[in-house]
Amino acid sequence: MSYINDINRISDISFLKIREVAKNKVLLMDVDERNAIYDSLVRGTEVLSTDEQMDVYLYSFGNMHRAKINKALECLDSTEFSNTDINIVDWGCGQGLATSCFLDYLKINNVAGNIRKITLIEPSEAALGRAKVHVGAYNNSAEIITLQKFLDDITPSDISSDSGITFHFFSNILDIGSIDLKALA
């Protein structure tokens, strides 16, 4: 059974259900294989290129991502952007985990915003494809734009929006040494 089919069969999609699919695949692996793949992640900083790496990453680091994003989302007052057009830019999106958590937040808080555009930025073709699957599974009508680029290669036109409010997620990239934070700002 393919990962994409497993995700697309989930009713009432959520981050936790997405992570469960990856977890089930990881638990089928031999322990030595799982450990070798985990080591290849270089503490979560490596650009992911295989399904197995993405599964192990989501299994190993997914709950940490979710906790960090949810902590940040607690600071939002959802009444300020309810019934507003929403754009999302997910920088170094990996598998789209920050966006998935944000979409969960909107659903849980009954925010009636109209998600117009989701821009997923990621250098890994494999992770970017998976991010699009995850975000697309939420069945919103948003335009999903994928940019297979390193962050320093992003131009202002790549992330522009013409209406509404734009949320920028930098979920796990600010501590990566190869990113020029001054240029990004």
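The legends below describe close-up views of aromatic side chains in a predicted model.

View 1. A search of the whole structure finds 7 aromatic pairs. In the pair shown here, the ring centres of Y38 and F61 are 5.8 Å apart and the planes meet at 20°; the pair is therefore classed as stacked, the cut-off being under 30 degrees. Y38 is partly exposed, with a relative accessible area of 36%, whereas F61 is buried at 11%.

View 2. The rings of F102 and F169 form a tilted pair, with 5.2 Å from centre to centre and 55° between the planes. F102 is buried, with a relative accessible area of 0%. F169 also counts as buried, at 8% relative accessibility.

**View 3. The aromatic cluster that includes F102 and F169.** One cluster is formed by F81, F102, Y105, F167 and F169. Among its members are the two residues of the tilted pair, F102 and F169.

**View 4. R130 over the ring of Y3.** The side chain of R130 lies over the face of Y3. Its distance from the ring centre is 3.5 Å.

Note on methods. Residues are numbered from 1 along each chain as its sequence is written. This is a predicted model: local features need pLDDT of at least 70, side-chain atom pairs count only at pLDDT 80 or more; totals for chains, interfaces and linings use all residues. Side-chain values use heavy atoms; hydrogens and water are left out. Rings of Phe, Tyr and Trp (its six-membered ring) pair if their centres lie within 6.5 Å; planes under 30 degrees apart count as stacked, over 60 as edge-to-face and the rest as tilted. Buried means under 20% relative accessible area, exposed over 50%, partly exposed in between (1.4 Å probe, protein chains only). A charge sits over a ring if NZ of Lys or CZ of Arg is within 6 Å of the ring centre and within 35 degrees of the ring normal.
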